[in-house]
Amino acid sequence: MPRIQIDGKPVEVPDGLNLIEAARLLNIEIPHYCYHSGLSVVGSCRMCQIELEFNGRKSIALGCNTLAADGMQITTTSDEIRSIRRAVLEFYLQHHPLDCPICDDAGECDLQNYYMEHGLHDSRVDLAEKKHKHKVIDVGPTVVLDSERCILCTRCVRFCREIVGKDQLGVYGHGSDAELMNVPGTKLDNDYAGNVVDLCPVGALTDKDFRFKRRVWYLKRTPSVCTGCSRGCNISIDWETSRSYKDSGRRIQRLKPRYNKMVNEWWICDRGRYSYHAVDAPNRLLMPISNAEEREHGVSINAILARAAAKIEAIIDQNGSASIAVLGSAHSSNEDLFMLKRLFADHLKVQNIDVNLPGEANGSEDQILMKADLAPNRRGAQAIGAVPWGGEGQNGEAILEGAREGEFEILIIVDHDLTQYLGEKALHKLRKHTGYILYLSSHSNGMSEIADDVLPLAMWAERAATYTNFQGRIQRTSQAFDPLGLATPEWKYWYELAAMLGCKCDYETPQEVFNAIGEHTESFKGLRWDDLGDQGLMLTDAPEPAYRKIQCPNPLPAY
Amino acid sequence: MSTKQALLLSRNFAKTKQAKIDVAMKHGAYSMLKKAMSMKPDEVTAIVKESGLRGHGGAGFSAGTKWGFIPKDKFPRYVCVNADESEPGTCKDRLILERDPHLLLEGALICAWAVRAERIYIYIRGEYFYPAKVMQQAVDDAMKAGFIGENIKNSGWSCSVHLHTGAGAYICGEETGLIESMEGKKGFPRLKPPFFPAAVGLWGQPTIVNNVETLAFVPRILEIGPDKFAALGTPRNGGTALYSLSGHVKKPGVYELPMGTKMKELIYEYGGGIRNGNKLKAVIPGGSSSHILTAEECEDLPLDFESVAARGSMLGSAAVIVIDDTVSIPQLMIWLTRFYAHESCGQCTPCREGTDWLVRLAHRFADGWGTRKDIDDMFELADSIDGKTICALGQAVAWPTKSYLQKYRHEFEALVK
């Protein structure tokens with residue numbers, strides 16, 4: 001553990017850390033462009049130069065390429081360093097188009113930030129001398145390149161080669177004619193292409209999805225977790241705060257990866273990145289829907305819950321709990337599943353509970369981030385016990401089978417769109433033989449058409465919740481904004497229903513529900529909401545996995 | 001060539017068909033390789049170190065010391081012969097490649113023996129078609145004669161030689177740029193540290209990169225002995241050097257003279273004086289990337305690494321460019337900055353953006369709309385490039401620029417609009 005001094009402040013840093021990272025420990029920023037913690041060091045931007053005093057010798061060194069060693073004294077603010085930074089900024093800005101007013105990156109651009117902090121020079125370049133390069137280059141299906149803004153830091157090139165293992169971007173030409181381009185014959189079409197936009201320190205690479213949509217200073221950032229697959233990548237939701245009249249009310253403007261060393265490091269996949277469109281999709285369910293007679297007049301959530309409670313009570317009195325089946329969802333949060341289990345399994349003694357259905361849609365899987373299992377919380381469902389209960393209950397497959405034969409009077413389904421699993425005939429049979437179907441969903445689909453009652457669910461960005469990823473890591477999402485329409489988090493419905501059925505719980509917030517999970521569930525023993533932090537915690541019976549650099553198995557060298 | 005010259009390297013340059021192996025062997029080629037192979041590798045390195053042989057590629061780093069940097073137990077090792085001679089003004093390696101290729105091969109093989117390398121790469125600049133052809137023939141002949149290949153002369157040591165022609169990039173003469181280019185990548189100089197390819201070089205293995213001339217001296221050092229070799233030059237500057245004399249002299253050419261030969265002697269005695277009876281204005285002593293020296297500064301200047309450095313310039317590759325009083329320094333500045341802007345690899349910011357900017361500023365004076373502020377700007381720009389880059393190309397443009405502006409500022413001011 002080398003002990004070093006940065007700007008007079010002593011700090012002990014772990015072995016093998018470079019000076020940029022070491023300075024971060026003291027909240028000192030050494031400005032840099034080409035360096036990124038997740039990529040190899042090329043030292044080409046020359047912005048991170050610092051004054052180094054080591055072994056009695058004073059020198060100018062690169063923050064990125066100098067590993068901290070015992071006894072180093074570093075100055076980041078001397079006049080010489082300031083003038084170096086100014087000079088580098090002036091070099092970068094001499095041909096820069098300065099089109100900040102129409103640049104998507106304005107407001108989060110390192111050229112802007114560092115200019116205000118370290119540059120503040122007047123231009124010495126004659127406008128007529130400005131070099132022009134290609135603009136609006138379609139480098140891939142999701143990304144647009146503006147070569148004039150590019151500062152040739154090669155972060156994107158290294159990302160594609162080192163993390164994704166694909167050679168899709170490169171710098172061509174030499175000297176001042178060097179330009180970022182697609183590798184001939186390729187497009188930037190890998191599953192992680194969106195990350196190059198996050199990596200780009202300037203506005204050279206912009207996201208087609210976000211291009212010209214919003215100025216970043218109108219966005220608010222809420223930490224969350226991607227619910228697109230079972231990895232649970234940490235993300236930030238950037239959402240519109242004030243101008244809701246824009247783009248027909250699109251609230252989420254973009255998702256950005258959030259660092260979590262053990263889950264996704266700095267990256268997310270494009271599947272997750274663009275998954276947010278579902279939140280403001282036109283087919284979101286905004287109101288409860290009821291059967292044909294009531295549909296015209298509208299119905300309240302309470303009326304539906306009261307009806308469901310009455311039916312459940314009557315059926316249990318009549319036939320016992322065996323004629324009730326519950327198909328929960330692995331897309332639900334830990335809180336939802338806990339309340340579902342508490343109500344149906346513990347209180348009503350319903351045994352036919354499952355979240356798994358055969359033939360659930362799978363996504364593609366790779367060795368970087370993407371998992372085939374698209375449900376974010378299957379591990380949590382297992383840990384909580386939202387599975388065939390009591391050893392005698394039927395699993396999802398058997399429930400679907402039985403429902404067709406009229407085995408169940410009441411079928412409660414969360415999220416699963418059965419039209420995707422069953423053929424028209426089977427579905428018709430199921431509908432005919434089942435007395436009452438209660439369906440909870442965030443979107444309208446085939447199932448919401450045939451269920452007796454449909455309740456609208458709030459989505460991940462509209463609620464605080466916890467999810468357990470495939471490793472067994474429990475991670476928190478935060479509520480960015482209110483649910484659309486009357487949509488409500490799933491656990492609230494179960495909570496209300498439980499109250500009607502005489503199962504008293506005293507939970508006001510998801511935090512309280514989670515703390516209750518910690519009290520009542522073996523795998524969550526002792527865990528509390530506040531302890532989860534922004535990096536999550538492992539299930540008590542899941543071992544902390546070894547650190548793995550998020551990278552494809554056969555990366556290419558820097559270049 | 002004058003008879004006064006110390007004929008060490010250039011001894012056989014004038015002989016016809018010296019490039020043929022039988023002719024070369026008649027003149028003693030490969031005898032020193034045999035001698036070296038009778039010694040322990042470390043002994044060879046020690047001899048080279050003792051001789052004070054310094055790198056003639058530009059930096060003047062002690063060759064023996066460089067060989068000693070090889071880590072003890074890392075194999076395989078490589079030797080790269082830097083024949084990417086591209087510095088404006090330098091034309092000495094070409095002669096060795098064309099006139100006495102076996103001398104170079106022998107030197108490279110002795111070096112490979114000394115560092116226990118198993119492969120020698122000769123990186124020849126792309127424009128040297130003919131030298132590359134001659135060299136390839138020499139390699140083929142030496143292979144047939146058994147000096148290259150498996151189990152050389154039953155020593156149990158194998159060493160192969162490969163020729164690689166560059167694609168015409170100045171920057172590939174920088175040793176790490178050369179290594180990158182050799183690896184099949186873009187010729188981008190590597191980030192330092194690691195400082196020495198001797199530790200981490202070609203494909204991450206220990207690699208000795210030496211200039212053609214440096215290696216060609218090695219057989220001669222073994223022949224005449226390190227003491228005698230060192231005695232030829234001045235203290236700390238052993239032996240002779242090939243001075244590439246160009247510019248406005250009557251007899252430009254390559255002259256082999258002992259280190260420490262006086263500049264005036266080189267220009268007036270060997271070069272025959274300034275053309276057309278003009279006056280000497282300035283001299284660029286070590287290739288275009290060295291500081292310019294005014295005529296007064298050249299007075300009494302011995303041409304060795306330390307003496308030239310003491311006058312604020314560098315001997316570099318000993319390419320002496322003579323400039324007479326017909327030359328406009330602002331014009332020279334255009335020529336210089338254009339070359340470096342064109343040859344900048346574009347990897348790091350100050351060099352990529354700064355060289356190009358210098359060209360534009362330099363042109364302002366020629367075009368007649370330069371201002372006094374532009375002179376200061378140029379100096380400041382050069383300062384922002386100097387020493388702030390990955391490789392030495394930044395210095396190579398900054399040093400001469402600064403020296404032109406310092407020593408001939410009045411010429412720029414005369415052009416101010």
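Where is T434(A) found in chain A? T434(A) sits in the loop between α12 (424–433) and β17 (436–441); helices (H or I, at least four residues) and strands (E, at least two) are DSSP runs, numbered from the N terminus.

## What you're looking at

This is a predicted model, in which local features need pLDDT of at least 70 and side-chain atom pairs count only at pLDDT 80 or more, while totals for chains, interfaces and linings use all residues. Residues are numbered from 1 along each chain as its sequence is written, chains are lettered from A and ligands numbered from 1 in the order in which they are written, and side-chain values use heavy atoms, with hydrogens and water left out.

Chain B has a mean pLDDT of 92, and 99% of its residues reach 70 or more; pLDDT is the predictor's confidence in each residue, from 0 to 100. For the complex, the predictor gives an ipTM of 0.91 and a pTM of 0.93.

## Back to that loop

T434(A) counts as buried because its relative accessibility is 3%. Buried means under 20% relative accessible area, exposed over 50%, and partly exposed in between (1.4 Å probe, protein chains only).

Leaving aside residues up to four places away in sequence, T434(A) touches A403(A), F408(A), E409(A), I410(A) and L411(A). Contact here means heavy atoms within 4.5 Å. The side chain of T434(A) also reaches the backbone oxygen of L430(A), at 2.7 Å.

## The nonpolar cores

A nonpolar core is a set of buried Ala, Val, Leu, Ile, Met, Phe, Trp, Tyr and Cys residues joined through side-chain atoms within 4.5 Å. The largest one has 71 residues, and I4(A), I292(B) and Y404(B) touch the most other members. Apart from it lies another core, of 66 residues, among them C109(A), V143(A), I235(A) and I368(A).

## Where the chains meet

The contact draws 33 residues from chain B and 31 residues from chain A. About 2,700 Å² is buried between the two chains, with carbon and sulfur atoms giving 51%; that's the accessible area (1.4 Å probe) that two parts lose on being put together, summed over both.

Five salt bridges cross the interface of chain B and chain A, a salt bridge being a side-chain nitrogen of Lys or Arg within 4 Å of a carboxyl oxygen of Asp or Glu. E129(A) forms a salt bridge with R360(B), their closest N and O atoms being 3.2 Å apart. On the side of chain B that touches chain A, α14 (329–343), α15 (349–367) and α16 (372–385) each supply at least two residues. The largest share of that side, nine residues, comes from α15(B).

Technical notes: A polar contact is a pair of N or O atoms within 3.5 Å; within protein, one must be able to donate a hydrogen and the other to accept it, and residues adjacent in sequence count only if both atoms are side-chain atoms.
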